[in-house]
Amino acid sequence: MKKAFTTKEQVEKIAQQYPTPFYLYDEKGIVENARAVREAFSWNPGFREYFAVKATPNPVIMQLLKKEGCGFDCSSITELMLSKSIGATGDLIMFSSNDTPAEEFVYADKIGGIINFDDITHIDFAYEALGNRMPETISCRYNPGGVFQMSNGIMDNPGDSKYGMTKEQLIESYKKLKAYGVKHFGIHAFLASNTVTNEYYPMLAGQLFELAVELEKETGCDIAFINLSGGVGIPYLPDQEGNDIYEIGKGVKEQFERVLVPAGMGDVSIYTEMGRYMLGPYGALVTKAIHEKHIYKEYIGVDACAVNLMRPAMYGSYHHITVLGKEDAPLDHVYDVTGSLCENNDKFAIDRNLPKIDMGDYLFIHDAGAHGFAMGYNYNGKLWSSELLLKEDGSVELIRRAQTPRDYFATFDCLPMFSELDKVLKENE
Ligand SMILES: *Cc1c(COP(=O)(O)O)cnc(C)c1O
């Protein structure tokens, strides 16, 4: 069963200072989990988790992870800037982007990040953008094509995905990069998303290790690291069993010893780029019930909406809901829990068994710590919520204030009529 990492009493107190809706992150959970990941891979001296910044782009959260030895996987110039702002530069940055603008290659290189090429054509594109030079360390992204299938039926479809290069292109890329003076090489692949099975990383690792041996033989390039990327999932459903990171680490080690060690490549570093697994369970959207509506179905209207958490609307994702203070009450009501967007898919839950919800109740929407706030948008003029960190000592730190109407209108400051908008804003501030 899923348990909220806070209580009704605690949220009531927090809400006096920071009105709902807000994101709440659990410092203790984040730190303990990051330590477990590190320990699970401690058999590999060069291991590093590059936290996927896009999952939770908040500098305070990133600082917590940096303290635990993480680097940062960035996909855009703003994520690179965020990393630099907390002192993460050089080999603490993995720049795994695709369809990359020239200026982003330039910036990533300027702060010393490791560039991970998504395509063979990006090599000359970047070479030119960087002033006819190439950094000493470069990674390339692999796409094996076909279908990636695991024994529990989970599969994904690399052959249908826009990322990475074919094996032939990978070999050609390495030769090309070597000619451009690159000395250390990495291989990267992301073949399946939100895998709730201990099998994914070991299977992927087995494939990439075999590829690495072949590549080193064929090109003579020094493979310095293999990046298993993201895709390790979390159990969103209450009765689903989660991954065991120690089992996963052990499984990767077995492949390492099977393939790389006999090939004399036992010095290769293992990198990961997890986002969801690092943060998902340790963040929640906390929202208040403000309306109930009885028509053909029973609706509970809350003060958050899909702009604050888009996954249910976009993917039909299940996010478990705990009504705080009613943890032990019978689930004898069936509700759709909705936000206020003029969009009928703005529902956090559909036909969900929940305890009777009263107006003013606080709903804790679980597993929103990754790809939650980050996917926020401003449709219907709705604003982003605040983000709060629940510290190990029980205190709360504001780590992003809520957006205001002034933030929302800020980019109209190019208009002569902005002064009118400014007046309206001032009347209301
Ligand atoms: C999104 C992404 C990740 C993180 O994925 P999770 O599913 O959150 O673990 C890692 N690497 C790359 C290149 C990504 O695009």
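Me: What does the backbone of Arg276 do with the ligand, and how far apart are the atoms?
Reply: In this predicted model, a polar backbone atom of Arg276 lies 2.8 Å from an oxygen atom of the ligand.

Me: And how much of the ligand does the protein cover?
Reply: On its own the ligand has 380 Å² of accessible area, and the protein covers 90% of that.

Me: Which side chains have a polar atom by a ligand nitrogen?
Reply: Asp73 has a polar side-chain atom 3.1 Å from a nitrogen atom of the ligand. For Ser229, an N or O atom in the side chain is 3.2 Å from a ligand nitrogen.

Me: Where does the ligand sit?
Reply: You'll find the ligand in the largest pocket.

Me: Switching topic: where is Pro158?
Reply: Pro158 is in a loop, the one between β8 (155-156) and α7 (167-179).

Me: Is Pro158 buried or exposed?
Reply: Buried, because its relative accessibility is 4% and the cut-off for buried is under 20%.

Me: How far is Pro158 from Gly186?
Reply: Their C-alpha atoms are separated by 20 Å, and the two residues are 28 residues apart along the chain.

Methods:
Residues numbered from 1 in each chain as written. Predicted model: local features only at pLDDT ≥ 70, side-chain atom pairs only at ≥ 80, totals over all residues. Heavy atoms only, no water. Polar contact = N/O pair within 3.5 Å; in protein donor to acceptor, adjacent residues only side chain to side chain. Areas by Shrake-Rupley, 256 points an atom, 1.4 Å probe, with all protein chains shown as cover. 1 Å grid on protein atoms, 1.4 Å probe; cavity = no way out; pocket = protein on both sides within 12 Å on 5 of 7 lines; lining within 4 Å. Sits in = over half its atoms within 2 Å of the grid points. Helix = DSSP H or I, 4+ residues; strand = E, 2+ residues; numbered from the N terminus. Buried < 20%, exposed > 50% of the residue type's maximum accessible area, 1.4 Å probe, protein only.
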